[in-house]
Amino acid sequence: AGYMGLCNGERVTINIANGVTQSFSTKELKSDSIVGVLGHECGHYNYSNCNLFQKYQEGILKGIWYPHAPTAETSREKEYLEELKGYFQKKNEIALALVCEAASQIRNLLEDVYVEGRMCRKYPGSIRRGIIQNQRRNGEGIPSLCKQIAMQYEESSIMINLIVQYTLFGEINNWDGYQGKLLDVLEEVKPVVDQVAKDTGESSRFMAANQIILKIW
């Protein structure tokens, strides 16, 4: 299967044969990777509200922001927010499905960073080692920014990849020196990510995901 592990709020499932774990060359590294997966999923079990996440997704598909709509901070964002409000009010199924998919991915990224941070601080031995090992291997699989552009990735997909790299490592793979609007938007997103990395409020990462959706819209 494509996933490393799952948590539905009631039980944790570990995919022993996941690609990341299998990519390591020794039994010891594979074992560390599995412990990292377990630590990650137990982090969701301990600290994530799966029921609230389901309500968040269902709400967007019905044209409802949870816990509330994002706040426009610039004149450009005001225009984007008005456009989004139009889709929400008219319950445009295509637009709402797009927003829901992107918002869910972003919220999951933010939640992953939050729960992994808490687990690493609480369990600084094998769990922390396994989580960091898996983070690094996941990051290695993301092409550089210029290469993603050359491979004709959709800009929305590139933006998600940039957010993934920043949330995991605090930096992005831009060794070939891209300059442009994608980095400009990422600079606007960074403070939102940083603010919620350790915020224990259940709704904080939902609000942050809404805010990031507005910024990348």
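The second largest pocket has a volume of about 480 Å³ in this predicted model. Of the 19 residues that line this second largest pocket, Glu-155, Ser-156, Met-159, Ile-216 and Trp-217 are the closest to its centre.

- Helix 4 (75-90), helix 5, helix 8, helix 9 and helix 10 (204-216) are the elements that give two or more residues to the lining of the second largest pocket.
- Sorted by class, the lining of the second largest pocket has eleven nonpolar, three polar and five charged residues.

**The largest pocket**

- The largest pocket holds about 880 Å³ of space, and among the 36 residues that line it, Gly-5, His-40, Glu-41, His-44 and Asp-112 lie nearest its centre.
- Two or more residues of the lining of the largest pocket come from each of strand 1 (5-7), helix 2 (27-47), helix 3 (50-61), helix 5 (93-122), helix 6 (126-140) and helix 8, and the largest share, seven residues, is given by helix 5.
- The lining of the largest pocket is made up, by class, of 13 nonpolar, 18 polar and five charged residues.

**The cavity**

- The structure holds one cavity of 30 Å³ or more, and about 50 Å³ of space lies in the largest cavity.
- The residues that line the largest cavity are Tyr-47, Ser-48, Asn-49, Leu-52, Arg-107, Glu-111, Glu-202, Arg-205 and Phe-206, with helix 5 and helix 10 each supplying at least two of the lining residues.
- By class, three nonpolar, two polar and four charged residues form the lining of the largest cavity.

**Packing of helix 8 against helix 9**

- Helix 8 (residues 155-169) packs against helix 9 (residues 181-196) at an angle of about 45 degrees, and their axes are 10 Å apart.
- Helix 8 and helix 9 are therefore oblique to each other, and their crossing is right-handed.
- On the side of helix 8 the contact is made by Glu-155, Ile-158, Met-159, Leu-162, Ile-163, Tyr-166 and Thr-167, while helix 9 takes part through Lys-181, Leu-182, Val-185, Leu-186, Val-189, Lys-190, Val-193 and Asp-194.
- Ten nonpolar, one polar and four charged residues make up the contact of helix 8 with helix 9.

**Packing of helix 5 against helix 8**

- Helix 5 and helix 8 pack at an angle of about 10 degrees, with their axes 10 Å apart, and the two helices are therefore roughly parallel to each other.
- In this contact, Gln-105, Ile-106, Leu-109, Leu-110, Val-113 and Glu-116 of helix 5 meet Ile-160, Ile-163, Val-164, Thr-167 and Leu-168 of helix 8.
- The contact of helix 5 with helix 8 has, by class, eight nonpolar residues, two polar residues and one charged residue.

**Two points in the backbone**

- Most residues other than glycine have a negative phi, and most peptide bonds are trans.
- Tyr-66 and Pro-67 are joined by a cis peptide bond, with omega at about -5 degrees, and Pro-67 has its place in the loop between helix 3 and helix 4.
- Lys-91, which is a residue other than glycine, has a positive phi near 55 degrees, and this lysine, Lys-91, is found in the loop between helix 4 and helix 5.

Note on methods. Residues numbered from 1 in each chain as written. Predicted model: local features only at pLDDT ≥ 70, side-chain atom pairs only at ≥ 80, totals over all residues. Heavy atoms only, no water. Axes fitted to C-alpha atoms, helices over the stretch in contact; angles between N-to-C directions. Helix = DSSP H or I, 4+ residues; strand = E, 2+ residues; numbered from the N terminus. Parallel < 35°, antiparallel > 145°, perpendicular 65-115°, else oblique. Left-handed = near helix turned anticlockwise from the far one by under 90°. Contact = heavy atoms within 4.5 Å. Nonpolar A, V, L, I, M, F, W, Y, C, P; charged D, E, K, R; others polar. 1 Å grid on protein atoms, 1.4 Å probe; cavity = no way out; pocket = protein on both sides within 12 Å on 5 of 7 lines; lining within 4 Å. Points joined across faces, edges and corners; volume = space filled by probe spheres on them.
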